[in-house]
Amino acid sequence: MKYITILLHFGLLLCFTQIASGQSSDLDFTARRLSQNDGLSQGSNYFRFEDSRGFMWITCNDAVNRYDGNTVKVYHLDKYFKNCANLQQGYGFAEDEQSNIYIGSIRGLYIYNRNTDKFSLRKIFTNGKEDLAMPFACKEGKIWCFNKNYEIATYQVSNGQVSYIARLPLPAMASIHVYAQSERGFYERWPFMDRDNNIWVFGRDAVCTLNIATQTVYEIKLGSQQKEKPVILASCYDAAENRVWLGTANGALIYDIATARVMPLTHMGGIALGKVAAICCNATTVVLKSDNGLLFNDKPSRQYQWLQSDIQKSKTMYTFSFDKAGCLWMCDDGFGQIIYDFTPKILPKHPKENSVFAKLREFSIGEFGAFPNGDIYIMQYNLVLDHRTRELKKMKYTIPLDPATPYRMTVDKLRQGTWIYQMYYKNRQLRIFFWGKDRKLALKGIVPEASGLGECQHLQVLPDGRVIISFVSGLAWLQNGKVVAATGQPYNNTFYISLLSQNRCAVSYLDRDMWLADITGTDTLKFVRRILPGVQSFYMQEDTLRERYWVGTNKGVYLLDRHFGLLRRFDANNGLAGTYIYGLLLDDQGNAWCSHQRGLSSIDAQNLQIINYDQDDGIQDWDYNNRSFYKATDGTLLFGGVSGFNYFKPPLKRSYYYKPEVYVDEILVNHKSYLPDINANLVRHLQLPYTENNIIINAIVKDLGSNKSHKLVYRLAGADHAWHYQPEHSAISFNNLAPGHYALDLGIYDKYSNKTRPQKTIYFTIALPFYRELWFGVLVAVLATTITGGIWIRRKLNRQRIALQQQLALDQQRNKITADLHDDIGASLSSLQLNSAVASKLIHKDTEQAKEMLQRIELQSWGLADRIDDMIWSMKSGNQEVTSINNRITNFACDILGATLMRYEIRISKEVDQQVRDMTTRKNIILITKEAINNAVKHSGATHLSVDLDIKEDKLTLVVKDNGQGYVPGQATGNGLANMKKRAEEAGGTFTIRSAPAQGTTVTVIIPVLLFSDKA
């Protein structure tokens, strides 16, 4: 409340009699509300506490709330409470030296641990029927509590020990429930500990103290024994003056602790206090809530101020207190908290919320005028803004104009007066007046409707004193009381005339281009060039120092160079809040200020940075009025709108009581709390496996005083170096972060300085997947080498085994061939030798027998050659042979059967040639097939024969079938059947023959594939 002291020292606070009688109050503040719309869990809240970390804690019926200046965190989830029920209605607060918070409840004392962001519960009073414990102070490492019986006990912070101290001689409270407190006196009479370590406890009509050192109890005497004891409704300790303020049904009592004097206070400024239901104070101010409003008492100056309104008289408002910045907080039952902020806004405005002019609901400002002494004239309301005190006052002199008829005004610095031009709608006349130093209104011209000039838009006074006026039809001069149309104009429908240097002006037109005009001539205008063709331009301001021009348009603000070329455009795309410009001014530093439909904005002349001002900065309202802007001779800028006007002299400076701080409220990894037993604000480094790479950070900018002027910004080093603005009530989210090291910088952006200040860094380390670790690579290399070596060794051994098997098979085949050569071929050769010898003897004796013998020798030679050919073919591998099994059987069948009338079919699967590699098997298949075909040709007498050779279910199946005469099994003669059976068994298979007389014959051979495969 320092500002109140300053106001009082300057004599701006009037006496109570003056204020009460309706004169202006100089106590300036802004009222705002904190309710469910802002996140409070409930509108009914009875206790409030500002901790040392800059949070405001508020208890409601359903939960405890923590307010940071912008957002509300509600502690109603189970995860915030450790082995205890959730806290609902709280009663009283205390804070220890480690900033842990203690909250009273009917269950006992709830302890909020700052390092874990969690609550625990401790029983304090255990000898009664209830567990109610209500803290009121922290002293000597102990939390001091009381209950309904006014018993005092302590909780030792260091070891958790509970000690019972004493019971004060006061009647016990029947109930602490809000519905049982008819005047809520219980909440307003909260115990406290004074600077001499005395505990003050207040009953309904008695006051007791307890000295914590001696544990001595005293009853404080508030008046004469003969008089009735006053009913105590409220109490407050003034630590600065060591006084106790007591509210009663008939005013207040001030008890001086040092002198034990009681000073009654029943009237202030001739106004009766009546019932004082709430009292609060800080170092400079005491506030009393009485029947007649709020009473502000400034202690240094001993002056006081009444603030009267219906809302202050409301019975639903109680528990008043100041925060550390001097804002007045009060509970408004059912609606949350009301906060009176006495900090001056960065943009002062009129009318003030509690001034006598605030009743003007539609305080719309059209244009400004000025007096020679610098005072600003608000003509519509016949008010003056004092250029020294910046106070709005009623003007002593009345200008005889009808305020219901619109009019505009233009300051004439040369003549030290103001031109006023007013359209009389009854007779459609334009009347032009001049208000001079003599404060008399002089009529300077009348323009009848018949003149054809149309409605007047603007009047401008040139540097040499000439007056030029814009009408719907165009520009005109005011000459000796007459209005004369200017010549050579490019368009009609003129709007505004902006004066420039070097005898120039910029003329704007509605729905047309702005033109640059030369005004050197006496009564002539020379239109030089168009400015911003195709853009609806309204106003132009010249920066003569930088030789630049600022233009306000319906599409934002344009910055032009000395030749009217475009340098920069400012609109919604680069941060300008409003684009339809209603007013444009340059301050003494050359910075541009513009009013629009979304408040007020400034553009820095050097770095071209934009600052948008809103209702938290003090703008009169969102919408401003067209042409309602003025720059005073001392550099003060004025912008008028629908609810008053703002006035300020740049540069603007704002002081902050609270230091803005980034606070991390929650860290989620894969949507689960990271280190749930540690306050997220204490986490500085996250060590995460590669599967936990989705991170959410809930962070805020903590500032109870001016949170709206600060924004949370962040950047992730390693991914992006640019600062990002975080929208309100949203979280910072990173999804699928790649493995690596990251640094998340959290900072605060201040819109007034247009600077970003880094404040906190959180480091992320996301581990590599195990398959990308060095050890895993080495392990994979070792395993790969081992496996590769094992495969190579296995293949080598397998090749050796196959080679050995093939060698053994070859040896067996050689032995078999040797045996065949010895038994079959050798026998055949011996037979040939004998037959040749016999033929040689018979050739001279018996020529016919010799021929028969030679024919037998020829047949034996052919058979021998055929057997040798089969033997050589079977010894070739499948890759070396030229003729496949299919071709060999087919060729043989064609040779044998082609010379007969027998029809035949040969069906051999391709898989046979691909899979049969064993030499013995190949030979035996051919020989069995040949023998079966030969038997059919020689003995069956068949007309049809079929040969089927196929591989099915890992078995080689040979079926030779004829439709011949057949035979009776067991009666067949010869060696053919025995040879076929022997060859099938040699290949590891089975041989069957099925026949009957006149039923044909079927030969079947089945050999398992695995037995004749030569694969490993």
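Cys-594 is buried, at a relative accessible area of 1%. The model is predicted.

**Cysteines**

- Cys-236 is also a buried residue, with a relative accessible area of 10%.
- The closest cysteine sulfur to that of Cys-236 belongs to Cys-281, 3.4 Å away.
- A disulfide needs two cysteine sulfur atoms within 2.5 Å, so the 3.4 Å between Cys-236 and Cys-281 is too far for a bond.
- The disulfide count comes to zero.

**A four-stranded sheet**

- Four strands make an open sheet in the order β36-β37-β38-β39, and their pairing is antiparallel.
- The edges are β36 (407-412) and β39 (441-447). Each has a single partner strand, so one side of each lacks a neighbour in the sheet.
- From one strand to the next, the twist averages 20 degrees.
- Six bridges link β38 (residues 429-435) to β39 in the antiparallel sense.
- Ile-432 stands opposite Gly-445, a residue of β39.

**Cis peptide bonds**

- Most peptide bonds are trans.
- His-350 and Pro-351 are joined by a cis peptide bond, with omega about 0 degrees.
- Pro-351 sits in the loop between β31 (349-350) and β32 (369-370).
- Pro-650 and Pro-651 are likewise joined in cis, with omega about 5 degrees.
- The loop between β58 (644-648) and β59 (661-669) holds Pro-651.

**Positive phi**

- Most residues other than glycine have a negative phi.
- Asp-117 has a positive phi, near 60 degrees.
- Its place is the loop between β8 (108-113) and β9 (118-122).
- Asp-117 counts as buried, at 6% relative accessibility.
- Asp-511 has a positive phi too, near 65 degrees.
- Asp-511 lies in the loop between β45 (504-509) and β46 (514-518).
- Is Asp-511 buried or exposed? At 69% relative accessibility, Asp-511 counts as exposed.

**Nonpolar surface patch**

- Which residues form the nonpolar patch on the surface? They are Tyr-690, Phe-770, Tyr-771, Trp-775, Leu-779, Leu-783, Ile-787 and Ile-791.
- Together these residues have about 790 Å² of accessible area.
- One of them, Ile-787, is in helix α4 (residues 774-845).

Methods
Residues are numbered from 1 along each chain as its sequence is written. This is a predicted model: local features need pLDDT of at least 70, side-chain atom pairs count only at pLDDT 80 or more; totals for chains, interfaces and linings use all residues. Side-chain values use heavy atoms; hydrogens and water are left out. Patches are made of residues with over 30% relative accessible area and no salt bridge: like charges are joined within 9 Å, nonpolar side chains (Val, Leu, Ile, Met, Phe, Trp, Tyr) within 5 Å. Accessible areas come from the Shrake-Rupley method with a 1.4 Å probe; for residues, only the protein chains shown count as cover. A salt bridge is a side-chain nitrogen of Lys or Arg within 4 Å of a carboxyl oxygen of Asp or Glu. Helices (H or I, at least four residues) and strands (E, at least two) are DSSP runs, numbered from the N terminus. Two strands pair if DSSP finds at least two bridges between them. Axes are lines fitted to C-alpha atoms, for helices over the stretch in contact, and angles run from 0 to 180 degrees between N-to-C directions. Buried means under 20% relative accessible area, exposed over 50%, partly exposed in between (1.4 Å probe, protein chains only).
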